[in-house]
Amino acid sequence: MPPSRASSRVRVLLPLPLSEAYEYGLPAGMEMLAGGFVKVPIGPRVITGVVWGAGTGAITAERLRDVLTLLDTPPMPKPLRELIDWVAAYTLSPPGAVLRMAMSVPEALSAAPERIVFARGENTPNRLTAARIRVLNCVDQGPLRTRSELARDAGVSPSVISGLAEAGALRALTRPSELPPEAPDWQRAGPKLSAAQAEAAATLGKQVKRHRFCVTLLDGVTGAGKTEVYFEAISNALSAGMQVLVLVPEIALGTQWLSRFTARFDAAPEQWHSDLTRAHRRRVWRAVAIGTAKVVVGARSALFLPFASLGLIVVDEEHDGSFKQEDGVKYHARDMAVVRARLEDIPIVLASATPSLETVVNVDRGRYQTVRLPARHGGAPPPRIDALDMRQHPPEKGRWLSPILGESLVQTVECGEQALFFLNRRGYAPLTLCRACGHRMGCPTCSAWLVEHRRIGFLLCHHCGYRTGLPDKCPSCGANDKFVACGPGIERLAEEIASTHPGIRFAVMASDTLTGPTAIGELFNRFGNREIDLLIGTQIIAKGHHFPWLTLVGVIDADLGLAGGDLRAAERTYQLLHQVAGRAGRKDKPGRVVLQTFMPEHPVMRALVEADRDRFLANESADRKTLGLPPFGRLAALIVTGPAESSVAAAAHDLRRSAPEADDVAVIGPAPAPLHILRGRYRYRLLVKSERIAPLQKFLRGWLGNVQIRRPTQVQVDIDPYHFF
């Protein structure tokens with residue numbers, strides 16, 4: 001390319017793992033548009049990037065290359081560009097890697113081609129065959145359709161449509177290929193709110209109308225009607241012509257939520273999650289950018305959509321750990337949603353029955369406001385929770401249900417009511433071993449045991465996806481037919497129910513047995529219609545669902561999440577069990593929850609039985625404060641990975657030796673990670689612990705900027721780690 005003679009320059013950020021924007025020249029006649037999407041050359045390639053600002057003149061004119069094309073797409077809004085820079089700086093990620101999340105559907109940057117549809121023409125053909133008559137009848141009776149759609153509906157070949165068009169009996173019309181989304185009706189009356197709901201809704205409504213940044217915790221017990229309260233806030237935002245983003249931890253859990261939204265606003269919201277087709281995501285992305293998509297409900301990646309006029313953000317189940325992204329750019333969507341709300345200068349609502357300790361402490365410090373819903377809507381009492389000591393009431397040998405819980409199940413079904421059994425373990429059994437030599441079936445690329453999934457006939461690794469059949473012989477000792485399944489998964493629990501309670505109608509629900517919102521919605525409809533007596537599932541059934549006839553919840557292994565050294569283990573276990581317990585007795589009939597536990601004296605179990613959330617959080621807060629752990633201190637994890645353990649270990653120890661000294665920062669480790677091998681790469685971890693006000697990112701930049709790690713060994717940085725595997 002010849003040297004540019006552009007009169008001005010721009011910096012263009014590219015969706016590549018680059019640490020800064022590149023400088024380009026603007027050809028004569030092309031106007032600089034901050035946030036504009038442009039095509040630029042980089043090496044031998046042409047790539048689409050975003051104008052990040054004016055050029056600096058750092059590159060000589062001889063080396064400067066020109067912007068090739070300015071795309072006819074709404075520019076990326078300034079608050080989103082600022083969010084990308086903020087997330088990159090906070091997580092120590094290249095800005096280009098963060099930009100890539102905001103440009104996840106490149107085809108959305110080009111307008112969709114127009115559709116050719118057919119209407120009645122002025123002429124009537126002399127020869128009217130039966131096929132032609134069917135086509136003309138379809139045109140008269142239905143909407144405008146394309147050639148292929150019309151041929152399909154009339155049961156003819158496309159050549160019949162062409163013949164009618166040539167004869168003047170049909171005329172071709174050009175229409176946009178994508179119709180605008182149906183707008184929610186914010187004037188539609190919602191259900192009658194209780195006094196507490198109405199007061200909370202009024203508070204949120206004032207914040208939306210004020211259109212200023214504020215963070216509000218919507219703190220309500222399970223069944224209090226939090227969703228209807230923030231629906232009123234959504235209505236206020238829509239009445240002002242603003243867009244709304246609702247973040248949910250797992251979109252697959254939102255089938256009932258979507259139905260409630262559609263009933264409230266007479267239109268479905270736009271959805272954004274990984275299960276959608278690229279064509280669907282392309283349409284939603286453009287509708288968001290243009291401003292015609294008024295409400296979007298989505299998983300954490302929806303945070304990076306280019307909203308034209310965002311007026312409100314809602315983070316539902318704000319405590320949920322799945323808001324933390326563990327791959328690529330490691331960010332927490334709840335925390336970054338608060339940042340986006342501040343950059344947009346709009347209110348954000350964090351909703352939960354079991355708010356995270358971070359959020360509770362922010363309320364205590366006065367940084368966040370709070371509105372509370374202390375009672376269930378309609379006056380339903382909270383369920384009674386019992387901790388069943390499995391040391392005193394063990395199940396029969398080879399079984400997992402205590403006789404007491406089994407009897408409760410029978411009584412519940414005999415009364416015409418429904419039950420839910422919760423076991424947060426997928427598959428049939430978490431471990432398969434040889435009875436002859438003790439060999440355990442493990443993943444060849446991860447330091448994890450293979451989980452038997454008897455329904456599909458495979459052993460699976462839940463970390464990398466490796467699968468294999470159960471071998472005929474033990475690979476260690478060669479013994480035949482000596483493999484035994486150890487421990488229960490939900491498939492094994494279902495097998496026990498089928499054996500011991502053959503008259504009970506049950507269904508199994510987990511992320512690997514039901515794929516996609518449609519299958520989940522169909523199962524929930526069957527349960528809601530009382531075609532199923534018992535639902536057996538993992539955490540996918542723990543929250544967000546309302547079943548009036550569900551009165552018994554049984555937790556099969558309540559202690560499961562308490563093992564290990566995770567600083568949030570107790571908090572997460574409490575949140576999960578409280579959420580699943582909240583499914584019971586949500587309407588007229590009282591609910592009961594049975595926790596099968598070997599540690600009924602544990603603070604988590606006592607807090608659940610005594611319904612004393614605030615004391616539990618106060619104790620957790622005191623423990624963390626004493627130890628200087630989040631939210632009273634800060635953590636960052638450095639994960640050193642590579643294909644050779646010796647190189648990874650050496651790099652990790654070299655990294656530790658190069659750490660600068662700082663009074664308010666401590667470096668712990670390195671040590672092999674609990675999940676020592678993942679996808680064929682060895683892993684060592686270092687933990688960086690600092691005071692809350694310490695400049696942690698500055699410390700890490702100075703440290704890592706002076707370290708050279710030779711590939712294929714790599715160092716990953718995780719600011720505010722949520723999982724310690």
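Me: Contact means heavy atoms within 4.5 Å. Leaving aside neighbours within four places in sequence, with which residues is Thr 48 in contact?

Reply: This is a predicted model, in which local features need pLDDT of at least 70, side-chain atom pairs count only at pLDDT 80 or more, and totals for chains, interfaces and linings use all residues. Residues are numbered from 1 along each chain as its sequence is written, and side-chain values use heavy atoms, with hydrogens and water left out. Thr 48 belongs to strand E4, residues 45–54 (strands are DSSP runs of at least two residues, numbered from the N terminus). The residues in contact with Thr 48 are Leu 14, Pro 15, Phe 37, Val 38, Lys 39, Leu 71, Met 103 and Leu 109.

Me: Is Thr 48 buried or exposed?

Reply: Buried means under 20% relative accessible area and exposed over 50%, with partly exposed in between (1.4 Å probe, protein chains only). The relative accessible area of Thr 48 is 13%, so this residue is buried.

Me: Which strands stand at the edges of the open sheet of 6 strands?

Reply: This sheet has the order E16-E26-E25-E17-E24-E23, with parallel pairing; two strands pair if DSSP finds at least two bridges between them. Each edge strand has a single partner, so one side of each is left without a neighbour in the sheet. The edge strands are E16 (384–389) and E23 (506–509).

Me: Which residue in E24 stands opposite Ala 419?

Reply: Strand E17 (residues 418–422) pairs with strand E24 (residues 534–537) in the parallel sense, over 4 bridges. Opposite Ala 419, the residue in E24 is Leu 534.
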